[in-house]
Amino acid sequence: MMNSKEAELCSSERKTMYSAGSDAFKSDHSDGVKKTSFDHTLMPPCQDACPLHMEIREYVDLIAQGRVMEALQVIRDGNPFPSICAHVCTAPCETACRRGQVDNPVAIRALKRFAVEFGGDRMIQLEAETRHEERTAIVGSGPAGLSAAYYLRRLGYPVTIFEAYSEPGGMLRVGIPKYRLPGEILDTEVQRLIQMGVEIRTNTPVVSLDLLFDMGYKAVFVTVGAHQGLRLGIEGEDSPGVVDGATFLREVNLGFKPSIGERIAVVGGGNVAIDAARAALRLGAREVRILYRRSREEMPADPAEIEQAIEEGVEILFLATPTKIAGKDRQLGLTCIRMELGEPDASGRRRPIPIQDSEFNMGIDTLITAIGQAPQIPSDFRLRIGRGSTIQVDPITLTTNRVGVFAGGDAITGPATVVQALATGRGAASRIDDYLQHRYPLVSKDEKETLAGELLPKTIEMIRKLTRFEPLTVSPEARVKEFELVELVYDWESAINEARRCLRCGMGAEILFQDKCATCLTCLRVCPYHVPYLDDSGTIQIPADQCQACGICVAECPAKAIVLRKPQDRRQIDEELDHVLKSAAQAKSKPFIIGFSCQYGLYGTGALASLWRGAKAGIWIVPVLCVAKIEAEHILQAFEMGAEGVFIAGCGQEQCAREDTAFWALQRMEKAKKVLAQIGLEPQRLQAFNLYADGEDPATALDKFTERIGEFYLASAIKQEVKT
Amino acid sequence: MTVCGAGGEREVSLLHSALKVAQARGGNEAHSFLEYTVKRQCDFEFLDMLEDRVGEVDAILSLGCGIGVQVIAERFPDIPVLPGVNTSFMGASKEWGVWDERCAACGECRLDETGGICPITRCVKGILNGPCAGSKSGKCEVSSDMDCAWVLIYERLERLGQLEKMRRYYPPRNFRTIPRPRRIVSKADIDLGGNDG
């Protein structure tokens, strides 16, 4: 059985390795955690959507348990600069998040920021050992360059970054306004790279790659970004007072405080246009208008950013585009025309068509054009240039037409996202390593099968709807006055409650061997989400794309034929219980009580810890990841090993994503009580609390319970005395 | 049997835990317990798998039905066998955790005449010409939770347009002792002869 199952998994994993269509970002997964043969979890949509393939589900789950430092560790394993992504990632993971099919996606980026700030990312020190002699050069210190430097350094290569501007960071420094990414965050990450031994030469534009090879560098990674603003192609574009978005933001970010006047128009609908408009407000502009030729629906900028811009007072004129610029500095007359949307074009968006005789004029001081950017590659690099002035590379190996020269980032794709740049940087490091070690490129395939399929309406109906917690933001009035950070970090409670909304896609239950299954239909009957079904051949199927991983069927299956896909989940309670019982035995404190307590939510972290400390000695807590996973055997095992009492403490359920957990915890408890009664132990030695939101105060309940168990212990001790 | 939650790996391990607790909490002597689950206990071939494991044991506790217990006793003549399940009836699951008796294995099946509802098991009295005077608003006088089987039969026959089956008289059942044990032989007795040549 096992063999055929694994063979099946392997065949579906066999994805296109070198097919022409696979893009450079997806194929790089060399730093990912290797799958063990018993791990049958599927890659969740969030991880699949992330260019870095970060283990989002895992770190969100750790945050839900309050294990923030461990969450940060998982984040750091998959991302060279988590603090940067925590601020500016476009979060494709959230777009893919299946919670979005139920209510709203999990706020993954905000959770990452919480983990980064509360997990102590600032304190983390990195070191790297030099294991190779071959020196590598990186041209450009944007996210792709920094990421490549990080990974090359970790692989043991000496790395030098050449940066043309006065400060490192590329677009992170000169493109993203400081109210979105404070300079200190970037400085910390750059400092860490320097600590690792990366040499960064600022104010050093590279004019010729030959020179680098002459200097002794064995491999060069060209990642110069796309800083050249595209032109509108209209009359008067070269008038003073017209500036492109990239240049404008660069001047602002490098602290030049350009004087722009009071009335500003920004042309474009992307993030650069929004950034430029908001930066203009912060420079003191009174009237900032964005002209976008399509409607809000087609606007490529991040919806949250658009919202914030509007809050701050930016006016967006949809379906309008400039046709002519007249006048001179401070006195520009802008002629615009109204547009309407026609048929979809090649990009899938509806093509804007000018409406005849709909021209209108506006008087402005400065026009900022933000309709796109392209790379500008010095011709002395002698690199082959392709569409949109980008460097032509092999999408898998990132090699260019020149031996030893690799390229990545916006320079090969045109303007893209930070996380994509980080992913290419990581890929480039691996490919450069392959090249320098004379290896055939070790492009790793995805280890895991990706979870496919949408949630079915009937499953969605049964999933609890939980409000998404948005991180707080500074008030619009306060934020336009300065370039301070707009978004605040979660507090502990909001972060944990938000993390608990995760649906744990792809880590649900599976039937271990069909042969073991007696087709008793227990799973089908107990599942709160109606996921298991009988197929046409009369076999039970538990579709992975619908299972919510609550574990109820696992604990109920009479044949023990169902397991959770993640090995750790299968053993979690057994291992914790074993550990606790051993510690209790060593402590020799009598009487002792075992408490199975939900680890999720604040109850698992704050409240629980204080209960434990506050209660009289002899209470041992077994953290469980949902009380519905506790089996009667676990309870009996505690009694067998000498516990005088056992309690189950739930999470209170307020923000619990799961259904029916209290019912099942109580079922198992009743089962155990029956057994205890037969043996002659008082059923009152077993108690549950805080299973529901409106239950008794756990602290009082625990006190009463402890007292009662003390009495039982005393009584049985006297009985024992009389006997002997 | 696993399907009814009376046996199966989970029940076996629960009993195992219960025995260990009982022993830890003032048991008389130290015993060791082993658990093992076979697919069926009513076939000798499955019990062969137990051969190596039961060599040393003082007793076998079977969570099979009464049949399983007996087959084990037959298979291992030197080891005492104890029933771990009080086999009660043949039933169907109403919902998770609830089972209802449906068949008495009487060997005189009349389900074709009673609309697929068995009066022997579902009527408290097991009468063949119901309902009796204790039927009230479709419920049995014994318990208001219990449906009167004969009302169910009537309604079903009415639905099927077979009410004439209600109007017949069914002679009393044969209450003479059924000669036990019963045996069913499905193989034909074939005489290969060999002398005809």
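**Note on chain B of a predicted model**

1. Chain B contains five helices and seven strands, where helices (H or I, at least four residues) and strands (E, at least two) are DSSP runs numbered from the N terminus. Along the sequence these follow the order α-α-β-α-β-β-β-α-β-β-β-α.

2. This is a predicted model, in which local features need pLDDT of at least 70 and side-chain atom pairs count only at pLDDT 80 or more, while totals for chains, interfaces and linings use all residues. Residues are numbered from 1 along each chain as its sequence is written, and chains are lettered from A and ligands numbered from 1 in the order in which they are written.

3. The radius of gyration of chain B, taken over C-alpha atoms, is 23 Å, whereas a compact globule of 197 residues would have one near 16 Å, by the rule of 2.2 Å times the number of residues to the power 0.38. Of the 197 residues of chain B, 21% are buried, that is, with 20 or more other C-beta atoms, placed from the backbone, within 10 Å of their own.

4. Helix 5 of chain B (residues 149-160) reaches 16 Å from its first C-alpha to its last, and its buried residues include Trp150(B), Ile153(B) and Leu157(B). The buried residues of this helix pack against helix 4 (119-122), strand 5 (135-136) and strand 7 (143-147) of chain B.

5. The contact between the chains (C-beta atoms, placed from the backbone, within 7 Å) takes 18 residues from chain B and 18 residues from chain A. On the side of chain B, helix 1 (residues 8-24) supplies the largest share, 12 residues.

Definitions and conventions. Contact = placed C-beta atoms within 7 Å. Buried ≥ 20, exposed ≤ 12 C-beta atoms within 10 Å, placed from the backbone. Expected span 1.5 Å × (residues − 1).
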